[in-house]
Amino acid sequence: MPPPTTSEKGPEPSLPQATFCFHCIGCGSASQAAAQDFRCPQCNNLLEITDPSWKSATLPAATLKSVWRDRRSSNATLDLSGVWRFRELLPAPASEQHVVTLREGNTPLYELPQSSRVTGVRRLYAKHQGMNPTGSFKDAGMTVASTFARQAGYRWVACASTGNTSASMAAYAARGGMRSLVLVPKGKISWSKLSQALDYGALTCQLRTDFDGCLRLLLELVRRAPVYQLNSINPFRIEGQKTLALELLEQLDWQPPDHIIVPGGNLGNSSAIGKALLEMLDLGLIPRLPKLSVIQAEGANALVRTLREAGGKRLVSVQAETRATAIRIGNPASWEKAVKVLQATDGACEQVSELEIAEAKAEIGTEGIGCEPASAVTLAGLKKLLREGFVKPEETVVLILTGNLLKDPEYTIEFHRGGLFQGAAQEQQSAKLNQFRHPPVVLDATLDAVIKTLEQAEKSDPTH
Ligand code: F0G
């Protein structure tokens, strides 16, 4: 086991004093405790975590940057986590012993040369959150929220999920010695994500409803049973997910990109990234804000419609349908937080079609990194924002890839075998995606057959 948190320069306070409070995003009231549904008892709006003393108590920006950089060479448990490494900007648990960590964060920032060529954006990067321990961005939030669940002494944690939250929650619950209850829509999440929850020992319920139905039921459950809910309504999740943006800016030597583009589902992640950007500006860690843009699938476009049809003032829910099952959400819980951060950073909100998602996913595959369909909406959205003139080719753009390629193998295999759009309205149009398809070839086990296939492949695409 690594030694306890000390640096070569001598012991440093391993965790800052816990001084945070819950702050309602609607009426602004603040309190020291939150109910299990994490809603304001006065106006029922969502809560966020703030720390009234943090500006005076926090170290100067230059010191913070150097403390965080130094921790990258430390083997102390908290420092090995790409989330707890930034603990000055997180709510502090009472003791380091409560921290549940799988060394989350520390995800790579990749250049995207192929997509640069396709889009004309020379400085184009992907922050790949699919490289987290359970394969999605959820781990960054889950390490913080599961830590507070354990500290509060909960035996059960629970979530509704399109798959990734449940995989992550089940893993962190197992690590933290807690039991987990998963509510997922039957037949609407990928087997790969479901298999993770099973292996990590969750009690997994496949409900005959959609994600929105699962979440509704969970919120009723937490009022009746002593389970701790770990959906992104839980503001501790948002705090952990903020570190994605801190780590990204550190990787860019604190030079803000012009644009950050993120997929939108339940809208916790966009809210978290936006909160981090505003806090970084406030603390002088960055000189200006990047524009944060949210991309949704056309069939699950509640935020797009909320902004276009209701000016961001009330939620326009939809009956969600998309093959990008991770973001098949029609009634996003954190829509108001997302509207606020879009407005604060001057970001855009767009929607992309199923064909555009499939094409973008195939293009990210050619980069040698891949991602799950929900993550590919970012590249598809970038192309749209370029056409609209919102993003300029000479600007710096970062796409947030939220999930690993291996999260949804059914989608990828169906795509390459040509079955993804079979019988669908887009079947004819989908022929243009044939250039990206690499179906497996079944051959007799002879050298001749393999060599002939190799020669054919070379002839059909000599420039590849
Ligand atoms: N990308 C992936 C891969 C996701 O799993 C999700 C959400 C999102 C994007 C959207 O993020 O909800 O913060 O706007 N997945 C949740 C789940 C809902 O249950 O796994 P969001």
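Which cavity is the space taken by the ligand? The space that the ligand takes is the largest cavity. The model described here is predicted.

## The shell around the ligand

The ligand is surrounded by 20 residues. Ser 161, Asn 164, Asn 266, Leu 267 and Thr 402 are the closest. By type, the shell holds seven nonpolar residues, 11 polar ones and two charged ones.

Which elements give two or more residues to this shell? They are helix H6, residues 164–176, and helix H11, residues 268–282.

Thr 402 has a polar side-chain atom 2.7 Å from a nitrogen atom of the ligand. Lys 138 also uses its side chain: an N or O atom there is 2.9 Å from a ligand nitrogen atom. With Asn 266, the backbone takes part: one of its N or O atoms lies 2.7 Å from an oxygen atom of the ligand.

How much of the ligand does the protein cover? On its own, the ligand has 470 Å² of accessible area. The protein covers 98% of that area.

## Val 304

Now to a single residue. Val 304 sits in helix H12, which runs over residues 302–310. Is Val 304 buried or exposed? Its relative accessible area is 2%. Buried means under 20%, so Val 304 counts as buried.

How far apart are Val 304 and Cys 21? In sequence, 283 residues separate Val 304 from Cys 21. In space, the two are 31 Å apart, C-alpha to C-alpha.

Notes. Residues numbered from 1 in each chain as written. Predicted model: local features only at pLDDT ≥ 70, side-chain atom pairs only at ≥ 80, totals over all residues. Heavy atoms only, no water. Near = heavy atom within 4 Å. Polar contact = N/O pair within 3.5 Å; in protein donor to acceptor, adjacent residues only side chain to side chain. Areas by Shrake-Rupley, 256 points an atom, 1.4 Å probe, with all protein chains shown as cover. 1 Å grid on protein atoms, 1.4 Å probe; cavity = no way out; pocket = protein on both sides within 12 Å on 5 of 7 lines; lining within 4 Å. Sits in = over half its atoms within 2 Å of the grid points. Helix = DSSP H or I, 4+ residues; strand = E, 2+ residues; numbered from the N terminus. Nonpolar A, V, L, I, M, F, W, Y, C, P; charged D, E, K, R; others polar. Buried < 20%, exposed > 50% of the residue type's maximum accessible area, 1.4 Å probe, protein only.
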